[in-house]
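Hello,

Here is the structure I promised to pass on. My notes follow below it.

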Amino acid sequence: MHSLKAEGVEHVFGIPGGANLPTYDALVDAEFRHIQVRHEQGGGHAAEGYAKASGRVGVAFATSGPGATNLVTAIADAMLDSVPTVFITGQVRTELIGTDGFQEADILGATLPFVKHSFAVTDPRQIPEYVHEAFHVAATGRPGPVLLDIPQDLSRADIEYAPRTEPVELAGYKPPSAPNVKQVRIAAKAMANARRPILYTGGGVINANASEELRELVAADRFPVTSTVMGLGAYPASGEQWLGMLGMHGTRTANYAMDEADLIVAIGARFDDRITGKLSEFAPRAKFIHIDIDPAEISKNVPAHIPIVGDAKLVLPALTREYRALQTDPARHEEWWKRIRAWQEEYPLHYEQGEDGEIKPQFMIEAMHRATGGDAIVTSDVGQHQMWAAQYYGFDRPRRWINSGGLGTMGFGLPAAVGAKVACPEETVVCLAGDGSLIMNCQELATCVSQEIPVKVFLMNNGYMGMVRQWQELFWDRRYSSVEMGPSPDWVKLAEAFGATGLRCEDSGELEETMARALDADGPVLVDVRVSPEENCFPMIPAGAAARDMVG
Amino acid sequence: MEAGTPQVVKLEELRVPGQLSGRKHILSILVENKPGVLARVAGLFSRRGFNIDTLAVGPTDDPSISRITLTLDGAVHPIDQVTKQLHKLVNVLKIRDMEPEETVAREMAMFKVSAAVENRSEIMQFAEVFRAKIVDVSRRSLTIEVTGSADKIEAFERMIRPHGLIEMVRTGEIAIARGSD
């Protein structure tokens, strides 16, 4: 507990059990708040939401065995989205390890493929040292989840705690920070010679808190900017040079610009398959500058012509400085912008408005934008609603959009909203949920009520696992297989059963007003919004196709 | 103007280095001697689909540090990506991709061969040519220890196999850099 306090921990999410009883006993006297969640997966995602909203390390506790294995999805999620998190699990007593004791599970072994690092405590005196190392590894370099597994008997041992005075030093862990100056200079010169450049940014810019630095680089010339779903908000969606999100459900403009670009500057992004589509036909005319803090990402999927390893917070200002010094002529981008503007005009995001009060899902996102002033912290589940939010909400600031991009975890949104609201109590926190996803972690409504965490859940209810239904419709001859969610629970009554407020809206004319009521109400509110059941999320690049073969 | 930075960078002149070296690589990896380290290294290889040809683990002169020597095929795997992924493991301290010309690599193998009276002397002659040692003898078999490069061991195997190879045990290669470095 002393070690956690020394790391500046103010909030922890978790559930007690047999193997972490000593830890929970110590919590009674601890000076930080413990948020008792209702399922360990919820605790794990809450820690992620906390970290994503605040940039600080999120912490979750679980007991041994099933408590620990329930955390696994959240740990994998934090790995794929590079979320700074520390997971502390109880383990059975030392003498029981390896005997298949009650509630024993090898959580360290189970999570090896998707932790940034993990520690198994074998001596109680290691605990303070390991806690500090865990926070150091989780938060620095490319952030990620760290697991600390503590057997019950060792966590109850009395040890001397001496406050740490030295910074953490790990022989095998030296995260890079400042970039190679020469590489930055070459990159600036390449950018100066590009006729059709584009900046492709990702979650790394947000993790590095480098939004300002990105905006300065963009302002240094007329560079068009696009971003992955993880990087939304780093450059404002209302900005002049914004092309919209790229990738599978990105805008045609962003994807066509990538396809025709002669120079792609990737910043904190990792050329995931949802971005590249068919790899052999990805951006065939482009050369690549790849800026990343993780050297292993560079040339992993797409070979980089100019690799730059470093923290975007330091790389971007250096690149801006070098670029400005070259005093290039902005007129050389004239042709490129003409082409981009033509795409924007021809292929804007669009949808048909519903008739007779039918609520189109895209309209729901636009209504949400108006009701929240466009500046809420929005968490989301995974599926169509997530993509519509990414397309239509228009995030102008970083750390406002919290979703599960890499692992694509349904049920992420509500617990993540719990974490975000705990981290940012003054902010409006909205969970945009899908009906297929929300039910997977709806028990966390109990957490919202009992712990007085007033998140607002806007449920986009179409009665389907919508994205899977869309794929079955488009690519599997409309043979719907286990995608109907009905008969669904009565979400209003369910919210009320948990002690929250439940509202329903079935008319587009009343939607914004209902949302405003939910936002004004005290305490947690769930709004069941009935949207068109079979609307498809377009445009899209079919899986394995090339960007220029977008449909819809 | 800093030395080595070109005046102009023309996009059409930018090239990416080749990803595959096309030869066998020996990676010599120093790791912290902690529980689970081998599982982390082995898990990384299986997860990323990197195929290990041989793997040898042993102590170093420092009891807190172990050495993992592994060989893999650079025609199949981008070695650069392998080493970068390995470097991300916190328990991995140092990785050296051993240069073939500047490396002494050795492997040990033991062969148990059927050896009736008629062919016993021929097998023993092979052993002599390969500077191998007979380490066990029974009525119907000989056990021979061979040390050398992987090529030498494979050559010996080819010679001995027609006589009836009962069992073969190999350690996997270990390697050290030539010279005082």
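**Where the chains meet**

In this predicted model, 34 residues of chain A are in contact with 30 residues of chain B; contact means heavy atoms within 4.5 Å. Together the two chains bury about 2,600 Å², and 58% of that is on carbon and sulfur atoms. Buried area is the accessible area (1.4 Å probe) that two parts lose on being put together, summed over both.

The rule finds one salt bridge across this interface. A salt bridge is a side-chain nitrogen of Lys or Arg within 4 Å of a carboxyl oxygen of Asp or Glu. B:K88 pairs with A:D294, and the closest N and O atoms are 2.5 Å apart.

On the chain A side, α9(A) supplies the largest share, seven residues. By class, that side has 19 nonpolar, six polar and nine charged residues. Ala, Val, Leu, Ile, Met, Phe, Trp, Tyr, Cys and Pro count as nonpolar, Asp, Glu, Lys and Arg as charged, and the others, Gly among them, as polar.

**Sheets in chain A**

Helices (H or I, at least four residues) and strands (E, at least two) are DSSP runs, numbered from the N terminus. Two strands pair if DSSP finds at least two bridges between them.

One open sheet has six strands in the order β9-β8-β7-β10-β11-β12 (chain A), paired in parallel. β9 (242-245) and β12 (306-309) of chain A stand at the edges with a single partner strand each, so one side of each has no neighbour in the sheet. From one strand to the next, the twist averages 15°. Angles run from 0 to 180 degrees between N-to-C directions, and axes are lines fitted to C-alpha atoms, for helices over the stretch in contact.

Within this sheet, β7 (residues 197-201) and β10 (residues 263-267) of chain A pair over five bridges. There A:T201 has A:I267 in β10(A) as its bridge partner. Helix α9 (residues 181-193) of chain A packs on the sheet, at about 135° to the direction of β12(A). Helix α14 (residues 312-325) of chain A packs on the sheet too, touching β10, β11 and β12 of chain A.

Another open sheet of six strands runs β2-β1-β3-β4-β6-β5 (chain A), with parallel pairing. Seven bridges join β4 (residues 85-91) and β6 (residues 145-151) of chain A.

**Other details**

The count over all chains is 41 salt bridges. In one of them, A:D259 and A:R548 have their closest N and O atoms 2.6 Å apart. A:D259 lies in helix α12 (residues 252-260) of chain A and A:R548 in the segment after β18 (525-530) of chain A, so the pair ties together parts 289 residues apart in sequence.

A cis peptide bond joins A:G486 and A:P487, with omega about -10°. Another joins A:F538 and A:P539, with omega about -5°.

**Reading the numbers**

Residues are numbered from 1 along each chain as its sequence is written, and chains are lettered from A and ligands numbered from 1 in the order in which they are written. Local features need pLDDT of at least 70, side-chain atom pairs count only at pLDDT 80 or more, and totals for chains, interfaces and linings use all residues, while side-chain values use heavy atoms, with hydrogens and water left out.

Best wishes
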